[in-house]
Amino acid sequence: MAAVDLNAVRSIVEGRLATELALSPSIHVVFHNMPDDPIPRSSWVQCLVQFGGNQYLSQGLTARGSTKVIGVLLCNIFTPKGVGPGANYAIGKRIRGLYNRAIVSGVFFDAASGPAVVDSPQPEPFFQTRVSVAFEFIEDL
């Protein structure tokens, strides 16, 4: 077998979020390397998928080996500043529910963490929290 297509895994992770946040009430989502000018006093989510460490699962030299590939989904949630955290936490709950200990198309999601308040939100003037979810999948070579 060949190495896993990371774009296919990214598509699984991001597609789940895009589908959920397109439902009512819909929330704008921005992905890696996409330009965006947030509308003041609106709510939106920035979705970042990062691939990290790997772990050998079998010792197949260069062929027929298995590797666990680990990644993390970071969702930065932005809501209007000065109106309390309620709307922000409601979005965070939706995101947590999508991924919390789920298995989707061979991608295993760990327990979600957050929403954790970000002290210096970027861009201003938004209230920002972050939900993070580690995930893993098996790459058979």
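Predicted model: local features only at pLDDT ≥ 70, side-chain atom pairs only at ≥ 80, totals over all residues.

Colleague: OK. How many helices and strands are there in the protein?

Modeller: Two helices and seven strands. In sequence order the pattern reads α-β-β-β-α-β-β-β-β.

Colleague: And what does the C-alpha trace span along its principal axes?

Modeller: About 55 × 30 × 25 Å. The accessible surface of the protein is about 8,100 Å². Carbon and sulfur atoms account for 55% of that surface.

Colleague: What share of the residues is buried?

Modeller: Of the 141 residues, 37% are buried. On contacts, take the pairs at least 6 apart in sequence: 63% of them join residues at least 24 apart.

Colleague: Let's go inside. How many residues are in the largest nonpolar core?

Modeller: The largest nonpolar core has 27 residues. Those with the most contacts inside it are L17, V45, L73, I95, Y99, F109 and F135.

Colleague: Which elements give two or more residues to this core?

Modeller: On the helix side, α1 (6–22) and α2 (86–99) are among them. The list also includes the strands β1 (28–31), β2 (44–56), β3 (66–80), β5 (107–109) and β7 (126–140).

Colleague: Pick Y99. What does Y99 touch, beyond its sequence neighbours?

Modeller: Leaving out residues up to four places away in sequence, Y99 touches V13, R16, L17, L73, F109, D110 and V133. L17, L73 and F109 from that set are also among the residues with the most contacts inside the core.

Colleague: Switching to charges. How many salt bridges do you count?

Modeller: Three. Start with R10 and E14, whose side chains meet at 2.7 Å, N to O.

Colleague: How far apart are R10 and E14 in helix α1?

Modeller: They are four residues apart in helix α1, so about one helical turn separates them. R10 is partly exposed, at 30% relative accessibility. E14 is buried, at 9%.

Colleague: What does R94 pair with?

Modeller: R94 forms a salt bridge with E20, with 2.9 Å between the closest N and O atoms. R94 is in helix α2 and E20 in helix α1, so this pair ties together parts 74 residues apart in sequence.

Colleague: And the one with E136?

Modeller: E136 bridges to K68, and the closest N and O atoms are 3.9 Å apart. The salt-bridge limit is 4 Å. E136 sits in strand β7 and K68 in strand β3, 68 residues apart, so distant parts of the chain are linked.

Colleague: Last one, A111. Where is A111 found?

Modeller: In the loop between β5 and β6 (113–117). A111 is partly exposed, at 48% relative accessibility.

Colleague: What is A111 in contact with?

Modeller: Setting aside neighbours within four places in sequence, A111 contacts N100 and R101.

Colleague: How far is A111 from V4 in space?

Modeller: 23 Å, C-alpha to C-alpha. In sequence, A111 and V4 are 107 residues apart.

Colleague: Thanks, that covers my questions.

Conventions:
Residues numbered from 1 in each chain as written. Heavy atoms only, no water. Core = buried A, V, L, I, M, F, W, Y, C linked by side-chain atoms within 4.5 Å. Buried < 20%, exposed > 50% of the residue type's maximum accessible area, 1.4 Å probe, protein only. Contact = heavy atoms within 4.5 Å. Areas by Shrake-Rupley, 256 points an atom, 1.4 Å probe, with all protein chains shown as cover.
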